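This briefing concerns the annotated active site and its surroundings. Please consult the sequence and the structure shown here before reading on.

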Amino acid sequence: MARKKHFILSIDGGGMRGLIPLRILESLESRMAHRGANIPMHQCFDLICGTSTGGLIAAGLSAPKPGGARGEAAATISELRDFYERDAQDIFTHSIRKRLARFVTNPFGLFDERYDERPFEKLLKERFGWTSMASALTHLVLTAYDIEKRNAVFMTNGRQHDGGKTNDYYFWQAVRATTAAPSFFEPAKAENLTTGAEDVLIDGGVFMNDPAMAAYIEARKLGWAAEDITLISLGTGRAPERPFSFKEASGWGALGWMLPSNGVPILSIISDGQSQTASYAADCMFTDLGETRYIRINGEIPAESEALDNARPGNIMKLNGAADRIIRDQTVLLDDIADMLVTSKGS
């Protein structure tokens with residue numbers, strides 16, 4: 001009897017650049033449809049893991065739709081694409097009133113270009129309702145960091161290392177937490193439905209922008225054999241032509257390293273460095289072990305598209321162009337993945 005194969009999807013953080021992995025998934029969905037298999041992503045992948053914008057996509061594809069049919073996900077790939085191409089412009093809009101209010105209590109806050117989280121929270125509540133991660137349609141991992149307990153947090157519907165239950169969170173609050181990028185949004189308060197506490201969480205990208213290894217560890221905790229796992233990791237694009245010069249960086253000071261108007265260089269560098277390191281380590285480890293199949297898909301983006309909050313129409317066009325090039329360059333690989341998924345999940 002053939003052993004069951006497990007497919008894992010891991011999606012990096014990257015703000016608006018989440019449009020790139022979403023377009024890759026759209027292409028994968030189309031290829032499977034051309035093979036006669038109209039399979040939702042939560043049925044294609046036995047585990048979906050995401051950080052920040054990747055966490056938003058993972059949750060959208062994995063959460064049950066409030067009031068929807070049984071097994072219907074909270075969002076389709078098309079609806080998620082609409083979010084990036086249309087709704088995100090409303091989210092990444094400066095709130096003058098909020099900035100002035102912060103100025104009263106903290107004069108230096110005027111120079112902080114954080115966004116009002118309320119429009120985003122409204123969209124999340126409308127999309128996810130009050131369903132919790134325990135009700136996810138597939139196994140799921142979202143990353144965040146608890147700034148009070150100083151702990152890395154892996155929000156999941158899986159298991160603890162000792163086999164016990166994990167902490168449960170409302171979907172909308174979990175997404176708000178994993179996308180709470182410092183200097184862009186306030187930290188998120190997430191009700192821990194297991195302990196009854198209120199956790200204070202920020203974007204998991206501060207420690208794990210590429211969550212592929214977290215996904216693999218979760219799979220092993222679920223008892224899946226390494227040789228039965230195919231791990232597909234989707235990046236959100238790299239901007240190698242956007243250097244930070246010595247002259248530029250030496251004049252920033254503490255404030256300049258964190259200013260959104262500078263592109264939050266410290267967060268950009270940490271996220272990019274962690275993604276590069278994680279994908280390199282995963283490739284080396286899985287190649288050496290020769291058991292788990294590891295597939296990484298990423299590509300280059302224009303320098304001006306690296307900013308997490310660049311929701312301008314012109315940048316949407318550039319991100320779509322970058323996605324088109326990645327899809328074109330990975331046509332054979334995407335066909336291979338579609339064949340694997342249809343063969344394994346299409347019956």
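**Helix H7 and the active site**

Phe 171, Trp 172, Gln 173, Ala 174, Val 175, Arg 176, Ala 177 and Thr 178 are buried in H7, where buried denotes under 20% relative accessible area, exposed over 50% and partly exposed in between (1.4 Å probe, protein chains only). The model is predicted: local features need pLDDT of at least 70, side-chain atom pairs count only at pLDDT 80 or more, and totals for chains, interfaces and linings use all residues. Residues are numbered from 1 along each chain as its sequence is written, and side-chain values use heavy atoms, with hydrogens and water left out.

**Annotated residues**

- An unreviewed UniProt entry assigns the annotation "active site" to Ser 52 and Asp 203; positions follow the numbering used here, feature names are shortened, and annotations may be inferred rather than shown by experiment.
- These residues span 152 residues in sequence, yet no two of their C-alpha atoms are more than 5.8 Å apart, so they gather at one spot.

**Ser 52**

- Ser 52 lies in the loop between strand S2 (47-50) and helix H3 (53-62); helices (H or I, at least four residues) and strands (E, at least two) are DSSP runs, numbered from the N terminus.
- Ser 52 is buried, with a relative accessible area of 8%.
- Beyond its neighbours within four places in sequence, Ser 52 is in contact (heavy atoms within 4.5 Å) with Gly 13, Thr 178, Thr 179 and Asp 203.

**Asp 203**

- Asp 203 belongs to strand S6 (residues 198-203) and is buried, its relative accessible area being 5%.
- Leaving aside neighbours within four places in sequence, the contacts of Asp 203 include Ser 52, Ala 177 and Thr 178.
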